[in-house]
Amino acid sequence: MQLILQKIISLWTIPHFEDPEKARSAQILRALCLSISVLLLLTALFLLIFSPITFLIVRGRLGIVLALQLIIFIMMKKKAVRTASFIYISLHILSIFLTAAAIAGLSNLNLFFIPIMIGAATMLLGVRWGFFYSILSTLGLVLLNIGINSGVIVPALVAPEKHTNIAIILSIIIFATLLVSHLGMHSLRKALAESHRHQKELNKTIALLKETMVSKEIAEAATVAKSEFLANMSHEIRTPLNGVIGMTGLLLDTPLDDEQTDFVDTIRRSGDSLLTIINDILDFSKIEAGQLTIEQISFDLFQCVEDVLDLLAPKAASKGLEIAYMIDSKTPPTIVGDVTRLRQILVNLVGNAIKFTESGEVVVNIKGMRQKNGRFQLHFAIEDTGIGIPQDRMDKLFKSFSQVDASTTRKFGGTGLGLAISKKLTQLMGGDMWVESTLGVGSTFHFTIQTEEGTAVSKPFLDIHQPSLKGKRILIVDDNQTNRKILLKQTSSWGMKPIMATSGEEALELIKTEASFDIAILDMQMPLMDGAELAQEIHALPKSKNLCLILLTSLGQYKEAKHESHFAAQLTKPIKSAHLYNTLIEKITNQKIASTRPNKPVFDSELGIKRPFRILLAEDNQINQKVIIRMMERINYRLDVAANGVEVVEALKRQFYDIIFMDIQMPEMDGVETTNYVREHFKQQDQPYIIALTANAFSGERERYLSIGMDDYVSKPVQLEDLIEALAKVPQKTQEPA
């Protein structure tokens, strides 16, 4: 018996469905089947008590319905939920149809009304509301029949022909009630859903606001940390750079020959370039924020490129690399743009080319193309014969802090930031940057910028009409094809007749067989026979014993040149058009070309006598002390020195000083603390004129230092011109304090 009961109970349970939608449908179907089964059993019980005749009529149909519902449960056991649902709806409609016909005595014409209403309710209101309508219709018809049989219904309505109308009216009332309930519940659910959606959006907005506030706090903290880091980095780099620039400036004012002056001037320009790059790094946050402005000034394109190559030539020479540049004749020599940013891009690309090239050459090619709007597009191509870049790794090149692979970083160093910055700068200048490369053969980095032609400056070497050089035969001997191409192009543009040779043997053969030459350029570093040996052989020939020879050397090779007496002049690679032109003119015409080097600024060496001041230098770095003291000696000032703020205070207690050059970052007591102490503890008549001396070069630094009581501001690296300008602002005291 227990086993039978367990089997019966198990029929009413449904299995677990993985699909949530199927599980929900099965639960609804099970609940409705159970409800209908209970309702049918109760109906049978009521009919048996109150209307036995009706019970006898419908008992078979009730039994069939219960049996079919049992079949539906069995189908759900097999997880055939959709089929069971279809059968259930069909069965229930049929059940209502037959029950209504038997109980209410519906006529043939109205027999289909209730099933149609059930179907309409199902389609309009959904399956669940269709089930509810079926249940209520069945219950209503049963109660109607009981009322009629028991005499509760008004006798006028008991007539059989009225039964159908009563049933129809009852069904319509039930349908209308369900429809209103459904619409009300639908509106309520919709309102609740809308409210839930608004609440969800509100919660999301609140969470986003909180996240934004947290992100803002983190960003502000990061900005402060970055500013502090950049300030410290700026100070640490500018301190030794102050020594480099300051000492080279002093060295340039000593007696030097042209070659020494050129070398020192290159060091000075290199220091200035480094200082510019540091300033660019400090302003990099402006690039990220889209606030970086590109200057528009007229500058010499040739000078810009030559400065870059001069800066990097020693590194190329140490690796035995040829380094050269070629500028197309259609390119304007003077352009309008940002020379600092362009120099920064070139330094990065040429420096990388040298870094990743072990042998061969690095060549900068520049072409200008006039556009329809009158502006120029300059196309730069930096070619090397280096290691090349794999095609599948090129996408990493222009990403910040990215290298082609880890081994590249270990072997060659670098942060991977330079190319990303360079690409951004080219885009800000209206161009773009890309690369072509073959693994093991070399790479070519291209970039373009938009510019305008600048104010024309007279450059003799750009003039194609050169009577002194026209028709002169020149022998060019160089094993490097690029150098030969550059010399051929340049000398031909001046009307000369260049003859090319790739080796010493070929050059000697040309001298023996060709007509005489007016001048010859010999490369120093050639295989089998170098330039010095070739010069000796040339002058040993009777035909060319008086031939004027010019030696072409890489930087640093002049010390190794043998038989220097054979050469009338030396040219250093990379070949500069102006130097080549001046040398050829001087040697062919025997006329000295005036130096185009800008005149050195003239300073008043008696300034310290004309405007005497007692000056205290507060500086903890010994190199900076030495640089500033020597600079001030040139204008006849003597300085006392204090290494920190404590020593400044002690010095002021001993004697009065007109001026204090106050370094900001000092041990024990920094410049700001010292200034505050002096302003608070010394009488007004004993107050010195304080000039901030700092390597912090952020925008707004000057205003900040003036706001705390300082009188002026000079940034490092210190220039003598800046010191003189600051001294000119100091008011002359008419009387020394007591």
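## The chain as a whole

What you have here is a predicted model. The chain holds 23 helices and 17 strands. Of its 738 residues, 45% count as buried.

For contacts in the chain with a separation of 6 or more, 70% come from residues 24 or more positions apart.

## A parallel sheet

Let us start with the sheet. Five strands make up an open sheet with parallel pairing, and their order is S14-S13-S15-S16-S17. Strand S14 (639-642) and strand S17 (712-715) are the edge strands, each pairing on one side only. From one strand to the next, the twist averages 20°.

Within this sheet, strand S13 (residues 615-618) and strand S15 (residues 659-663) run parallel and are joined by four bridges. Which residue of S15 is the bridge partner of Ile 615? That partner is Ile 659. Helix H21 (residues 671-681) lies across S15 and strand S16 (689-694), and its direction is at about 145° to S15.

## Gln 625 in helix H19

Gln 625 sits in helix H19, which covers residues 622-634. Is Gln 625 buried or exposed? Its relative accessible area is 15%, and the cut-off for buried is under 20%, so Gln 625 is buried.

A polar atom of the Gln 625 side chain lies 2.5 Å from the backbone oxygen of Glu 619. Leaving aside residues up to four places away in sequence, Gln 625 touches Leu 617, Glu 619, Asp 620 and Val 641.

## How H19 meets H23

Two packed helices are described by the angle between their axes and the distance between the axes. For H19 and helix H23 (residues 720-728), the packing angle is about 65° and the axes are 10 Å apart. Angles of 65 to 115 degrees count as roughly perpendicular, so H19 is roughly perpendicular to H23.

The crossing of H19 past H23 is right-handed. On the H19 side, the contact is made by Met 631, Met 632 and Arg 634. On the H23 side, Leu 720, Leu 723 and Leu 727 take part.

Note on methods: Residues are numbered from 1 along each chain as its sequence is written. This is a predicted model: local features need pLDDT of at least 70, side-chain atom pairs count only at pLDDT 80 or more; totals for chains, interfaces and linings use all residues. Side-chain values use heavy atoms; hydrogens and water are left out. Two strands pair if DSSP finds at least two bridges between them. Helices (H or I, at least four residues) and strands (E, at least two) are DSSP runs, numbered from the N terminus. Axes are lines fitted to C-alpha atoms, for helices over the stretch in contact, and angles run from 0 to 180 degrees between N-to-C directions. Contact means heavy atoms within 4.5 Å. Buried means under 20% relative accessible area, exposed over 50%, partly exposed in between (1.4 Å probe, protein chains only). A polar contact is a pair of N or O atoms within 3.5 Å; within protein, one must be able to donate a hydrogen and the other to accept it, and residues adjacent in sequence count only if both atoms are side-chain atoms. Angles under 35 degrees count as roughly parallel, over 145 as roughly antiparallel, 65 to 115 as roughly perpendicular and the rest as oblique. A crossing is left-handed if the near helix is turned anticlockwise from the far one by less than a right angle, and right-handed if clockwise.
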